Amino acid sequence: MGKKSFSLKYDSPLVLSFAILSFVVFVLDCFAFKGKLVDLCFVCKGAPVPETSGGFDFSSPACYLGLIFHIFGNSSWQNLFVDVSFVLVFGKILEERYGTAILGLMFFATTLVSGVLTACLSPFPLTGAREIVLMMIILASLVEVSKKQIPLTYSLILILYISLQMCNSQVAAKNSGFSVFMQGNIPVFICMAAGICGSLFGFMVAPKKSRASAKDSEKTEKKSETKEFYSISDDEDDLYTRTPKNPYPGSKKKNFHKEEEIGSISLD
């Protein structure tokens, strides 16, 4: 008898491809392009500010690339590891539930919303997959909310992740007042809005797993109706009595409801 061999399985194509591409872009940006690759096409420029340069240029093709591909760019190893870890944890569950195509469409919708809001409203550029992580956390919690339950675990994860992003914002370390702190966290609020939009879109789409489970339940019911012809009664007096079961539920035939005594054991 041969030994069973183990093999690696590419079980989540979208999530794994996203993680690999994010690492490749960051490594190339650090070692090959010396920090110029992310600034070129993997960052979403902020809204143009008068008398300054560096905002979103509506005539530049590179700015439109950054509008979508900014989720693959990261400014530091810390942001890369945190975002990719969250995506890998939640992504496999959501990809199995919704399918690769639907989850990819949610990625695109969330990224587009965050990019457009950044180009129109935010004075700060946007990089990283914060909106994707927020979308996944909210979407995973909505699954439990649909069962009339509020998951405390996902709520704490969401609060902790948002708090981490606010503490790491560009103005969070400066004691300049609450208004300046909130202004510096505009990218975080934009990612929250984009995550909510993407999660609501996914919540309205029928999950692939629920459709499959519904079909499987119908098949099992049909098989049980045809295969189970006898049922054993739990009555004390008729412990070893088998009752024929009507294979045609709802029919008016009463012959199937007559009990046939198979045998009885005397306890005297």
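Two residues are in contact when heavy atoms of theirs lie within 4.5 Å. By this criterion, and leaving out residues up to four places away in sequence, F86 touches G91, V133, M136, I137, I157 and Y161.

The model is predicted: local features need pLDDT of at least 70 and side-chain atom pairs count only at pLDDT 80 or more, while totals for chains, interfaces and linings use all residues. Residues are numbered from 1 along each chain as its sequence is written, and side-chain values use heavy atoms, with hydrogens and water left out.

## Overall organisation

The protein chain contains 10 helices and 2 strands. Along the sequence, the order of elements is α-α-α-α-α-α-α-α-α-α-β-β. The protein chain has 268 residues, of which 33% count as buried. Here buried denotes under 20% relative accessible area, exposed over 50%, and partly exposed the range in between, with a 1.4 Å probe and protein chains only. Of the contacts in the protein chain between residues at least 6 apart in sequence, 67% join residues at least 24 apart.

Two packed helices are described by the angle between their axes and the distance between the axes. The axes are lines fitted to C-alpha atoms, for helices over the stretch in contact, and angles run from 0 to 180 degrees between N-to-C directions. Angles under 35 degrees count as roughly parallel, over 145 as roughly antiparallel, 65 to 115 as roughly perpendicular, and the rest as oblique.

Helix 4 (residues 77-98) and helix 5 (residues 100-121) have axes that come within 7 Å and cross at roughly 120 degrees. Helix 4 and helix 5 are therefore classed as oblique to each other. Helix 4 contributes G91, L94, E95 and Y98 to the contact, and helix 5 contributes T100, I102, L103 and M106. The residues of this contact of helix 4 with helix 5 comprise 5 nonpolar, 2 polar and 1 charged. In this classification Ala, Val, Leu, Ile, Met, Phe, Trp, Tyr, Cys and Pro are nonpolar, Asp, Glu, Lys and Arg are charged, and the others, Gly among them, are polar.

Helix 1 (residues 13-32) packs on helix 5 at an angle of about 45 degrees, with the axes 9 Å apart. Helix 1 and helix 5 are therefore also oblique to each other. P13, L14, V15 and F18 of helix 1 meet T100, L103, G104 and F107 of helix 5. The residues of the contact of helix 1 with helix 5 divide into 6 nonpolar, 2 polar and no charged.

## Aromatic pairs

A pair of aromatic rings is described by the distance of the centres and the angle of the planes. Rings of Phe, Tyr and Trp (its six-membered ring) pair if their centres lie within 6.5 Å; planes under 30 degrees apart count as stacked, over 60 as edge-to-face and the rest as tilted. The whole structure holds 11 aromatic pairs, two of which are tabulated here.

| Pair | Distance of centres | Angle of planes | Class |
|---|---|---|---|
| F18 and F72 | 5.4 Å | 45 degrees | tilted |
| F86 and F90 | 6.4 Å | 5 degrees | stacked |

F18 belongs to helix 1 and F72 to the loop between helix 3 (61-69) and helix 4, so the pair ties together parts that are 54 residues apart in sequence. F18 is buried at 5% relative accessibility, and F72 is buried at 13%. Ring pairs also link F18, F69, F72 and F107 into a cluster.

F86 and F90 are 4 residues apart in helix 4, a separation of about one helical turn. F86 is partly exposed at 22% relative accessibility, whereas F90 is buried at 6%. The C-alpha atoms of F86 and R130, 44 residues apart in sequence, are 9.6 Å apart in space.

## F23 and W77

F23 lies in helix 1 and is partly exposed, with a relative accessible area of 28%. Apart from neighbours within four places in sequence, F23 is in contact with W77, L80, F81 and V84. F23 and G73 are separated by 50 residues in sequence and by 8.9 Å from C-alpha to C-alpha.

W77, in helix 4, is partly exposed at 37% relative accessibility. Beyond residues up to four places away in sequence, W77 touches F23, F26 and V27.
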